[in-house]
Amino acid sequence: MKKLTFLLLALSFYHYSFCWGFYAHEKINYLSVFLLPPEMIGFYKKHIDYIREHATDPDKRRYAIAEEAPRHFIDINHYGHYPFPLLPRGYDSAVAKYSRDTITTYGIVPWWIQIMKARLVKAFKEKNAVRILQLSAEIGHYIGDAHVPLHACKNHNGQYTNQHGIHGFWESRIPELLAETQFDFWIGKAVYLPKPLDYMWERVMESAAAADTVLLFEQHLSSRFPSDQKFSFEVRNGIILRQYSSHYTRSYNDLLEGMVERRMRQSIYAIASYWYTAWVDAGQPDLSQLTPTPFSEEEKKQMDTLERHWRMGKIKGRACE
Ligand SMILES: [Zn+2]
C-alpha cells in the first residue's frame, strides 16, 4: 500500500512541467547568443550563463502574479478559423472589438513581446546592463513560447480530445530526449526586423496552423501503439516518473518530420533578431564597456520572492502542463 501511495504521488509529479520545458527554454536562449553580430556578441557571451539561467523567469513568475499567465499564449481559435481574419492584429483594435477582458482571457503573447521589445530598446538607450540582460533573457522566453503550436490553440493540453499531457510531451519530452544528439542548431545570423509585430504574427500563425497536426498525429500514433509501450518509468532524484517512452517519443517525432527541431531553430533565429533589432533601434550603443552593477537589495528580494513562489508550486492562472 505504501508503495502504491508513493507511486501515485510520483505520477502526479509527471504533469508538473513548463512551457517549452526548462531545458528547451535555456537551450534556446543560450544558442541565440551565437547569432549576434560582432558588436553585440562579446557582451552577451560574457553573460551567457545569466541569459540561459533566467530564460525561465517568466514561468516562475506565473507562481507569483496572476497577470503573468496570459503573456505566454494566445488561444487564437477562440476567434474563428485559420487565418483568423476577424481578429485585428493591433492590440488596441483587438481590445476595441472584443474587450480587454476577452483579449486577456485568451492570451496576449504577440502583443506582450512588443512591450518587452520597447523596454529592451529603452534599456539599450540607457546603457543599463542589468536591464538589458533581464529583458533579453525574458523576451527570449516569450518569443520561444509563441513558437509552440499548443500555445496558439484552445485545446492546449489535449483536454478536449483526451490527450492530457501532450503539451509537455511536445515541448519538453521531445527536446530533452533528442535535442542534444539529433537536432541541428547551425542557424546563421540575426537579421533586422523592420516590422517586429508583423513578424511575430507570422510565427504565431505558423504555430496555429501546426496545432492540428500536433494533436492529430499523436491521436493516430496512440491508437496504433501497444498501450503497454506508450509510457516508461524512470527514477529521477529519488522519484519515480511516468513519462512517454523513448520509443513512443521517437515515433511521434518521426511522424512530425522534424517539427519540434524546426520550431526550436526558428525560436533561436527570432530571439537573436529581436535582440539585434532592439539594439539597432536604440542607436547601436557601444556595449564593449558595459558592466552590470551588482543587484540592489530590492532586486535580490524580488528574485528571492520569484524563486520562493515557484518552489511552493502553486500556479496562478493557466499552467502549461
Ligand atoms: Zn512560458
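This is a predicted model: local features need pLDDT of at least 70, side-chain atom pairs count only at pLDDT 80 or more; totals for chains, interfaces and linings use all residues.
Visitor: Where does α10 bend?
Guide: Helix α10 covers residues 166-182 and has 17 residues. Its end C-alpha atoms are only 21 Å apart, short of the 24 Å that a straight helix would reach at 1.5 Å a residue. The axis bends by about 50°, and the site of the bend is proline 175.

Visitor: Is Pro175 in α10 buried or exposed?
Guide: The buried residues of α10 include Phe169, Trp170, Arg173 and Ile174. The buried residues of this helix pack against α2 (21-32), α11 (196-224), β2 (239-244), α12 (246-255) and α13 (259-281). Pro175 is also listed among the residues of α10 that are buried.

Visitor: What span does α9 reach from its first C-alpha to its last?
Guide: Helix α9 has 18 residues, and 15 of them are buried. At 1.5 Å a residue the expected span is 26 Å, and α9 comes close to that value. From first C-alpha to last, α9 reaches 26 Å.

Visitor: Are α8 and α9 roughly parallel or roughly antiparallel to each other?
Guide: The axes of α8 (residues 109-125) and α9 (residues 129-146) come within 9 Å and cross at roughly 160°. Angles over 145 degrees count as roughly antiparallel. The two helices, α8 and α9, are therefore roughly antiparallel.

Visitor: What is the handedness of the crossing of α8 and α9?
Guide: The residues of α8 that meet α9 include Trp112, Ile113, Met116, Leu120 and Phe124. On the α9 side, the residues include Ile132, Leu135, Ile139, Tyr142 and Ile143. The crossing of these helices, α8 and α9, is left-handed.

Visitor: How are α8 and α13 oriented to each other?
Guide: Helices α8 and α13 pack with their axes 8 Å apart, at an angle of about 50°. In this contact Lys117, Leu120, Val121 and Phe124 of α8 meet Tyr274, Ala278, Trp279 and Asp281 of α13. The crossing is right-handed. Given their angle, α8 and α13 are therefore oblique.

Visitor: How far apart in space are valine 148 and serine 207?
Guide: Valine 148 lies in the loop between α9 and α10. Valine 148 is buried, because 28 other C-beta atoms lie within 10 Å, and the cut-off for a buried residue is 20 or more. In sequence, valine 148 and serine 207 are 59 residues apart, but C-alpha to C-alpha the separation in space is 5.9 Å.

Visitor: Which residues does the cis peptide bond at proline 83 join?
Guide: Most peptide bonds are trans. Proline 83 is in the loop between α5 (57-61) and α6 (91-98). Omega is about 0° for the cis bond, which joins tyrosine 82 and proline 83.

Visitor: What is the phi of lysine 127?
Guide: Most residues other than glycine have a negative phi. Lysine 127 sits in the loop between α8 and α9. This lysine 127 is partly exposed, because 14 other C-beta atoms lie within 10 Å. Its phi is positive, near 50°.

Visitor: Where is glutamine 284, which has a positive phi?
Guide: Glutamine 284 is not a glycine, yet its phi is about 50°. With 13 other C-beta atoms within 10 Å, glutamine 284 is partly exposed. Its place is in the loop between α13 and α14 (297-312).

Definitions and conventions:
Residues are numbered from 1 along each chain as its sequence is written. Helices (H or I, at least four residues) and strands (E, at least two) are DSSP runs, numbered from the N terminus. The expected span of a helix is 1.5 Å times one less than its number of residues. The bend at a residue is the angle between axes fitted to the seven residues ending there and the seven starting there. A residue is buried if 20 or more other C-beta atoms lie within 10 Å of its own, exposed if 12 or fewer, and partly exposed in between; C-beta atoms are placed from the backbone. Two residues are in contact if their C-beta atoms, placed from the backbone, lie within 7 Å. Axes are lines fitted to C-alpha atoms, for helices over the stretch in contact, and angles run from 0 to 180 degrees between N-to-C directions. Angles under 35 degrees count as roughly parallel, over 145 as roughly antiparallel, 65 to 115 as roughly perpendicular and the rest as oblique. A crossing is left-handed if the near helix is turned anticlockwise from the far one by less than a right angle, and right-handed if clockwise.
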